[in-house]
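Hello,

Here is the structure I promised to pass on to you.

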Amino acid sequence: MAKARNLKASTFTTNPPPPPPFFHLLPFTPLTAFLFSPKTLRHRNPMLCSNSKHPLAVPIFYLSLLFSITFLGISFLTLVPSYPPLLPCSHFSSPTPSPTSPVSATKGEEDNDRPSLSTSAMVPLPARGAFGNLSEAEREFWQQPRGENYRPCLDFSLGYRRISPRISEEKRRFLVVVASGGLNQQRNQIVDAVVIARILGAALVVPVLQINLIWGDESEFSDIFDVAHFKRTLQADVRIVSSLPSTHLMSRQTIENKIPHDVTPQWIHSRFYNQLRREGLLVLKGLDSKLSKNLPPDLQKLRCKVAFHALRFAAPIRELGNRLTKRMWIEGPYIALHLRLEKDVWVRTGCLTGLGPEYDDVVTNVRESQPEYLTGRLNMSYTQRKLAGLCPLNALEIARFLKALGAPRGARIYSAGGEAFGGSRALQPLVDEFPNLVTKEMLARDGELSPYMNKASALAAIDYTVSLSSDVFVPSHGGNMGRAMQGHRAYVGHRKFIKPNKRAMLPLFEDSSIGDAEFGSIMRGLHRKSQGQPEPRGYRRNRDVIAYPVPECMCKHSTGIF
C-alpha cells in the first residue's frame, strides 16, 4: 500500500526532484535535511513535482531558492581557508598543519599519521624526591630546581606554515647526510640535517650513520631510532624518505665535506641551492657543529622538535631502557653520573688518568701514534689543561664533589658511559664513598644486553634513557651527552642537572688547609645557581638551543603538558 500511495502522489514524475542548486555545498543540518529532502518537498506540496502552473508553485520555488542562497553564503564562509591565530608562546602547539587544511577542533582527537607533539616527546618518570631524617645539605641535594612555569612552546610562524606544504611534498631534490661519531654527536648532525633540508626545500633521505672507527659500531639509523616515528613527526616540516628514488641514483656523486664552522642559512642556500636544483641530489658529510647556533626562531624550534620529539629510540632499545629505568626508579631517588673514563677520552683530551704511570704511559703512546685524535689545545701542558677545565673528573674527584654537595653515602648511583680505562680500579674511589653504584650491566638480567654487545650507540641510548629519569644528573666532563641531557631535562620540566664548575673548584681540591665542612659549603655555594634552573640561551655563539631551549622552545605559562 505504501508503494501505491507514493505512486499516486507522484503522478507526473517517477524520479524525485533534483535538489536545489549547490545543495552539495550546504552544511548538513536538520533544517537543510528537512527543507531539501525529496520526501519533504513532495509531502509539503506535491504540485512542486508536477508540471501544473499552480499559483503557489512560483512563490515556494523562490522561497526554496532563498534558503539555498542563504545556506550557500554560510557554507562559503566556512569553506574559506582561515589561518588559526598564532598561539601565544605559552602554548604547546600541535604538529604544524597545512595552512589550507582544516584543523579538527575536537579536544583530544589525534591523527594517527601525525602524532601530537604533547605525546611524542620522550618524557622521564616523575622525580621521586627524598624523605626521612635528612641533613640540610642532603635535602638541598635532592631538591628539584624551580621551573618558573616554563613549558615547551613550538609555535611556528605563519610564514613557516605557509610554505610547509610545498616543502613536505618535495619529490625532485634530495639531501643525503652522513653522520659520524658517537650517538649524541650523530644526534646533533641529524638535527642539523633536518634543518638544512628545510632551508634548501629538499626531501631528506634517512641519514646514513658512518661506521665508528673507535668502537667499530656498524649500526644503521633504523637500529637506533624509530624511523616511522621520525617520518611522521616531521612530515609537516620536511619530506623524509627511506632511500633515493632510482631516478637519482648515480654511479659517482660528489660528497661535500668541507663546510666551514658557524655557517648561516643564507650561506647554505647560496652555496648549495643551485647545485641541488641542477643535479637533484646533494650529499653532505662532516656536519658536526658546522651550522650556526644562532638561527631564526622557526629553525631553532625545528631543532627542538627533531631532538626532543622526532628522534625517539627504536622500540627494542626503548623497551629495555625503560625496564632498567624502572628497576632504578622503584627503589627511590637516584643519581645518574656520566663518567668519561674511557680510554679514548683520555687520549683525545691529552689528560692523565690519575691511575699512575702504568696507565698514563699507555695513553701517551696511543696519543703519540695517533695525534689526530687529540682534540685539546696542543700548546698546553697537562696541568694547564686540567686547571682550564679541559680534563674529565676522575672517580676520586667525582666522589669528593658529590659528597661536598650533600649526596648521602647511601645514595643510589647509575653510572652511564663506556667501560672505564683501568676497570674496577678506576671506579674504586667512587665505590668506596658510594657503595650503591650500579651500571647497566649490573641492572640487566641474563641475556638482556646480549643483542647490543659491540653496539656502542645502542648502549649509549640505554644510558640516555636511564639517565633522563634520574633525580640528579652530573656529567664528569663536557660533551655531547652532557649538553643533550641538560637540554632534554630542561625541556621536560627542568630536572636537576649539576655541571661541575671545574675551573673554580679544582684549585680548591689541592688546598689541604680547607676542612670538609668548609669545602662542602664552598662547593654548594659555587653550584647553587647552576642546577638546572631555566637559563636563557641568549646569543652567545657557543650556546646550542638543544642545551638551552629557553626562550626559543620554552615559554612561561601557568600550565603545561609536563
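The structure holds three disulfides, a disulfide being a pair of cysteine sulfur atoms within 2.5 Å. This is a predicted model, where local features need pLDDT of at least 70, side-chain atom pairs count only at pLDDT 80 or more, and totals for chains, interfaces and linings use all residues. Residues are numbered from 1 along each chain as its sequence is written, and side-chain values use heavy atoms, with hydrogens and water left out.

Let me start with C153 and C555, which are joined with an S to S distance of 1.9 Å. This pair links distant parts of the chain, 402 residues apart: C153 is in the loop between β1 (150-152) and α7 (158-168), and C555 is in strand β13 (residues 554-556). Helices (H or I, at least four residues) and strands (E, at least two) are DSSP runs, numbered from the N terminus. The torsion about the S-S bond of C153 and C555 is about 60 degrees, so this disulfide is right-handed.

Next come C304 and C553, with sulfur atoms 2.1 Å apart. Their link is right-handed, with 90 degrees about the S-S bond. C304 is buried, at a relative accessible area of 0%, and C553 is buried, with a value of 0%.

Finally, C351 is joined to C391 (S to S 1.9 Å). Here the torsion is about -85 degrees, so the disulfide is left-handed. Both C351 and C391 are buried.

Best wishes

Definitions and conventions: Buried < 20%, exposed > 50% of the residue type's maximum accessible area, 1.4 Å probe, protein only.
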